[in-house]
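Reader: I have a new model open on my screen and would like to get to know it. Could you walk me through it?

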Amino acid sequence: MEIAQVIFISLLISILGGICFTWIYLLLFMIKSIIQSPKLEFIENVEKKFPKVSIILPARNEEKHIRYCINSLLRQDYSDFELILVNDESTDKTLEIMKEFENSYPSKIKVVNVTGRDKNWIGKNWACYQGYLRSNGILLLFTDADSFHSEKTMSLAVQNIIYNKLDAITVMPMLLCNDFLTKATLPILTTFMHTRFSPLKVNSAKSKLGYFFGSYFIISRDTYEKVGSHASVKHEIIEDGALGKKVKEANFKMKMVRGESYVQAIWARNSIELLNAIDRLVIPLFKEKRLKASLLSIALFFLLLFPVLVFPLSLILNINNPTLINFGISFLSGLILVILFTTNLIQIQKTLFLNKIYSIGFVIGGTIIVTRFINRLIKLNAKSIINWRDRIYTLSNDQTSPL
C-alpha cells in the first residue's frame with residue numbers, strides 16, 4: 001500500500017471516528033436534555049394573588065392564524081390580564097379581525113395599528129416595542145400570532161415566576177409544520193436546538209447563555225426596561241434570542257421550561273419559509289464572525305452529508321475488495337447513519353410528535369440544511385438580502401436593516 005493511500009485511509013477513518021463521537025455526544029446530551037429539562041407544571045403553595053400581565057401580540061398578515069391564537073389567549077384561566085394586539089402593517093384582514101375582537105372585548109383588548117415605522121428598526125421589534133408602550137402590566141408576555149395556548153399556560157408560567165423569584169421565563173413550544181420538507185428537516189434542527197439552547201445550559205447559573213422562544217416568554221416590566229427593551233435589539237432579526245441573551249448577561253434570573261403540552265407554534269408554513277428560516281440562522285453567525293460561519297458550514301457538511309456519501313461507496317468497495325479496512329469504513333459510516341436515525345426518531349417521538357416515517361428524512365433534511373447554509377454564505381456580502389415574513393432586509397456587518 002502506497003504512503004499516499006495509507007494517509008488517505010487514516011484521514012478518512014479519523015474523520016469518520018470524529019463524526020461518530022460527535023453524534024454520540026449530541027445524542028446523549030439531547031436525551032439528557034429531554035429527560036432532565038424542567039417542564040411547565042403546577043406548583044403547590046404559591047400565593048393566589050398574581051400580578052397583572054400584558055400580553056403583547058404583534059402580527060403581520062396573519063389572517064389565517066390570528067383568530068385561533070386570540071381565542072386561545074382569551075380562554076386563559078388567569079384573571080388579571082390585558083391583550084394588546086399590534087398590527088404590523090398588514091395588507092390582509094389581520095387588522096379587521098383584531099378590531100372585531102376589540103369590539104367584542106373592549107375592556108380586555110387594545111388594538112395598536114403601527115404606522116410610520118422607524119426605518120432603523122426590524123418590523124417585529126418595532127411592533128413589540130409599540131405594544132409595550134401601550135401596556136400597563138407588571139409582567140409582559142410576548143407571543144406570536146401563529147402560536148396556540150392551553151388555558152392553563154399563563155397561570156403555570158406566572159406560578160413559576162413567583163415561586164422561583166424569576167425575572168423572566170420562556171416556554172419551549174411544540175413546533176408545528178405542514179409540508180414534507182419541513183417535517184424531514186425539523187428533527188435535525190431540533191436536535192441542534194436541544195444541545196445549543198438546552199434548558200440545562202440556560203438555567204445554569206454558571207452559564208452566560210440566555211435565550212427566549214419568541215412564541216412564549218414572560219419578562220417583568222422592570223427587567224425589560226433595564227436591559228433596554230426591544231430598542232436594544234432593534235437591528236436583530238432573531239430578536240427573541242438576542243433579548244434573552246441580554247437578560248442572562250445582565251445577571252437577571254431567567255428560566256427555560258419545556259411546554260409542548262401547553263404551547264404550540266408553527267415553525268414554518270411551507271418549504272419556502274423553511275429556507276428563509278434557515279437563512280435567519282446564518283445572520284447572527286455572520287455578524288459575529290464570517291470565519292466562524294464558514295467553519296460551521298464545513299462541520300455541518302461532515303456531520304450531515306459526509307457519512308451518507310461514504311457509506312454506499314464503502315459497500316461497493318467491500319464487494320469488490322473485501323478487506324478489514326474497507327469493512328471498518330463501512331461499519332463506522334453505517335454506525336453514524338444509525339445514530340442519525342435514532343436521534344431523529346427520539347425527537348419525533350418526544351418533542352415533535354410526527355409520523356415515525358420522517359425518522360429517515362435526515363438525508364433530505366441534512367442536504368437542505370447544508371446546501372442552504374453554504375448558499376447563503378456564498379452570497380453574504382456588504383448588502384446581502386434576507387427575506388422574512390413578507391419583508392426584505394439588507395444585512396451588513398454591524399446590523400440588519402429593512403429595505
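Reader: Happy to start in the middle of things. Leaving aside neighbours within four places in sequence, which residues is I219 in contact with?

Author: Good place to begin, and please keep in mind that this is a predicted model. I219 is one of three residues, with W23 and L304, that touch the most other members of the largest nonpolar core. Once neighbours within four places in sequence are set aside, the contacts of I219 are L139, L140, F142, D167, A168, F212, Y224 and V247.

Reader: Which residues does the second, separate core include?

Author: The largest nonpolar core has 79 residues. Apart from that one there is a second core, made of 37 residues. Among its members are F101, A145, L156 and V257.

Reader: Let me zoom out for a moment. How does the radius of gyration of the chain stand against the globule rule?

Author: The chain holds 14 helices and 13 strands. For 403 residues the globule rule gives 22 Å, and the chain is close to that, so it is as compact as a globular protein of that length. Along its principal axes, the C-alpha trace spans about 80 × 50 × 35 Å. The radius of gyration itself is 23 Å.

Reader: What share of the contacts between residues at least 6 apart in sequence joins residues at least 24 apart?

Author: Burial first: buried residues account for 56% of the 403 residues. As for contacts between residues at least 6 apart in sequence, the share that joins residues at least 24 apart is 81%.

Reader: I noticed something about the backbone at E89 and S229. Which of these two is buried and which is partly exposed?

Author: Most residues other than glycine have a negative phi. E89 has a positive phi of about 55°, and S229 also has a positive phi, near 55°. E89 sits in the loop between strand 2 and helix 3, while S229 sits in the loop between helix 8 and helix 9. With relative accessible areas of 25% for E89 and 6% for S229, E89 is partly exposed and S229 is buried.

Reader: Is E239 buried or exposed, and what does E239 touch beyond four places in sequence?

Author: E239 is found in helix 9. Its relative accessible area is 4%, so E239 is buried. Beyond four places in sequence, E239 touches K124, N125, H230 and V233.

Reader: How far apart are the C-alpha atoms of L175 and V263?

Author: L175 is in strand 7 and counts as buried at 11% relative accessibility. Leaving out residues up to four places away in sequence, L175 touches L186, T190, M193, A265, W267 and L352. L175 and V263 are 88 residues apart along the chain, and their C-alpha atoms are separated by 8.8 Å.

Reader: One last stop: which residues is Q347 in contact with, beyond four places in sequence?

Author: Q347 lies in helix 13, which runs over residues 324-352. At 0% relative accessibility, Q347 counts as buried. With neighbours within four places in sequence left aside, its contacts are M30, P187, T190, T191, H194, L352 and F353.

Notes: Residues are numbered from 1 along each chain as its sequence is written. This is a predicted model: local features need pLDDT of at least 70, side-chain atom pairs count only at pLDDT 80 or more; totals for chains, interfaces and linings use all residues. Side-chain values use heavy atoms; hydrogens and water are left out. Helices (H or I, at least four residues) and strands (E, at least two) are DSSP runs, numbered from the N terminus. The radius of gyration is taken over C-alpha atoms; the globule rule is 2.2 Å times the number of residues to the power 0.38. Buried means under 20% relative accessible area, exposed over 50%, partly exposed in between (1.4 Å probe, protein chains only). Contact means heavy atoms within 4.5 Å. A nonpolar core is a set of buried Ala, Val, Leu, Ile, Met, Phe, Trp, Tyr and Cys residues joined through side-chain atoms within 4.5 Å.
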